[in-house]
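Subject: Structure for your review

Dear colleague,

Please find below the structure that I am handing over to you. I would be grateful if you could read the notes after it with the structure open.

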Amino acid sequence: MAFAVSMLSGNKSTTVEKIVSEKNDISLGTIKEIIEGLPVIKVFKIEKPIGDVYEKTNQSLENAKYKRRMLLKLVYIVSEYTGSFVQVGLFFLGIYFAYNGYITLGVVIAFQQLMNYILGPIQSLPEYISKWRAARELIYKLEDLPSTSVINPGKYELSGSSCDIQMKGVCFGYEKDKD
């Protein structure tokens with residue numbers, strides 16, 4: 001049962017982990033651009049629009065991280081419930097055998113204690129398998145990085161960015177009437 005849970009959640013966790021990685025790249029690129037452009041931002045006094053861009057990017061990243069955490073919690077809860085269901089079912093089966101005289105109550109208790117040691121690691125397998133599958137996709141992403149290295153040193157392009165810094169109502173000169 002634990003393996004079925006990990007197989008069903010593994011593909012979903014891989015997709016969610018890719019999304020978190022992409023959003024993280026976009027967020028870090030946005031932060032880097034904001035830091036590099038800080039003198040321009042201060043000169044033109046566009047802190048509020050830049051703050052809105054940062055807030056939007058950060059909120060998108062945090063939403064993706066939240067979905068990842070919720071998926072991992074769901075995997076954990078389902079694996080715990082299935083393990084508990086198996087343990088309770090075997091306990092009642094042991095009680096049935098003890099009641100009919102096939103085994104003693106001490107054997108049921110000993111068997112139940114052994115089941116704790118066996119089911120504990122099995123219950124944690126779905127979570128570990130799900131995390132492993134998601135990490136594997138990130139490793140593949142890291143393997144592709146050298147092939148997409150920077151051609152011009154000192155110049156970086158933010159690929160996949162969906163937000164641009166826009167300056168509206170900005171004048172590149174001085175007006176005589178204003179300070």
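The notes that follow describe what was found, beginning with the chain as a whole.

Please bear in mind throughout that this is a predicted model.

Overall architecture

The protein chain contains four helices and zero strands, and the order of its elements from the N terminus is α-α-α-α. Of its 179 residues, 24% count as buried. The accessible surface of the chain amounts to about 13,500 Å², and carbon and sulfur atoms account for 63% of that area. When contacts between residues at least 6 apart in sequence are considered, 82% of them join residues at least 24 apart.

Lysine 45 sits in the loop between helix H2 (38-43) and H3. Its phi is near 55 degrees, a positive value in a residue other than glycine. As a general rule, most residues other than glycine have a negative phi. Lysine 45 counts as exposed because its relative accessibility is 68%, and the cut-off for that class is over 50%.

Helix H3

Helix H3 has 53 residues and spans 76 Å from its first C-alpha to its last, close to the 78 Å expected at 1.5 Å a residue. The buried residues of H3 include Ile50, Val53, Leu61, Leu71 and Val75. After H3 comes glycine 101, whose phi is positive, near 90 degrees.

Helix H4

Helix H4 has 40 residues and reaches 59 Å from its first C-alpha to its last, close to the 58 Å expected at 1.5 Å a residue. A kink of about 35 degrees is found at leucine 125 in H4, shortly before proline 126. Proline 126 is one of the buried residues of H4; others among them are Val108, Met115, Leu119, Ile129 and Ala134. The buried residues of this helix also include Glu127 and Arg133.

Glutamine 112 likewise lies in helix H4. Which residues does glutamine 112 contact, leaving aside its neighbours within four places in sequence? The contacts are with Gln87 and Phe91. At 15% relative accessibility, glutamine 112 counts as buried, because the cut-off is under 20%.

Salt bridges

The structure holds six salt bridges, and three of them are described here.

In one, the side chains of arginine 68 and glutamate 17 meet at 2.9 Å, N to O. Arginine 68 belongs to helix H3 and glutamate 17 to helix H1 (residues 2-36), so this pair ties together parts that are 51 residues apart in sequence. Are these two residues buried or exposed, or in between? Arginine 68 is partly exposed, with a relative accessible area of 24%, whereas glutamate 17, at 13% relative accessibility, counts as buried.

In another, the side chains of lysine 18 and glutamate 137 meet at 3.6 Å, N to O. Lysine 18 lies in helix H1 and glutamate 137 in helix H4, so the pair ties together parts that are 119 residues apart in sequence. Lysine 18 counts as partly exposed, at 40% relative accessibility.

A further salt bridge joins lysine 65 and glutamate 62, with their closest N and O atoms 3.7 Å apart. The two residues are three apart in helix H3, so about one helical turn separates them. In general, an α-helix has 3.6 residues a turn, so residues three or four places apart point the same way. Lysine 65 is partly exposed, at 24% relative accessibility, and glutamate 62 is also partly exposed, with a relative accessible area of 32%.

A nonpolar surface patch

Val88, Phe91, Phe92, Ile95, Leu105 and Ile109 make up a nonpolar surface patch of about 560 Å². The elements that give two or more residues to this patch are helix H3 (47-99) and helix H4 (105-144), with H3 giving the most, four residues. Valine 88, one of the patch residues, lies in helix H3 and is partly exposed, with a relative accessible area of 44%. Phe91, also of the patch, is one of the contacts of glutamine 112 noted above.

Yours sincerely

Methods
Residues numbered from 1 in each chain as written. Predicted model: local features only at pLDDT ≥ 70, side-chain atom pairs only at ≥ 80, totals over all residues. Heavy atoms only, no water. Patch = residues over 30% accessible without salt bridge, like charges linked within 9 Å, V, L, I, M, F, W, Y side chains within 5 Å. Areas by Shrake-Rupley, 256 points an atom, 1.4 Å probe, with all protein chains shown as cover. Salt bridge = Lys/Arg side-chain N within 4 Å of Asp/Glu carboxyl O. Buried < 20%, exposed > 50% of the residue type's maximum accessible area, 1.4 Å probe, protein only. Expected span 1.5 Å × (residues − 1). Contact = heavy atoms within 4.5 Å. Bend = angle between axes of the 7 residues up to and from the residue.
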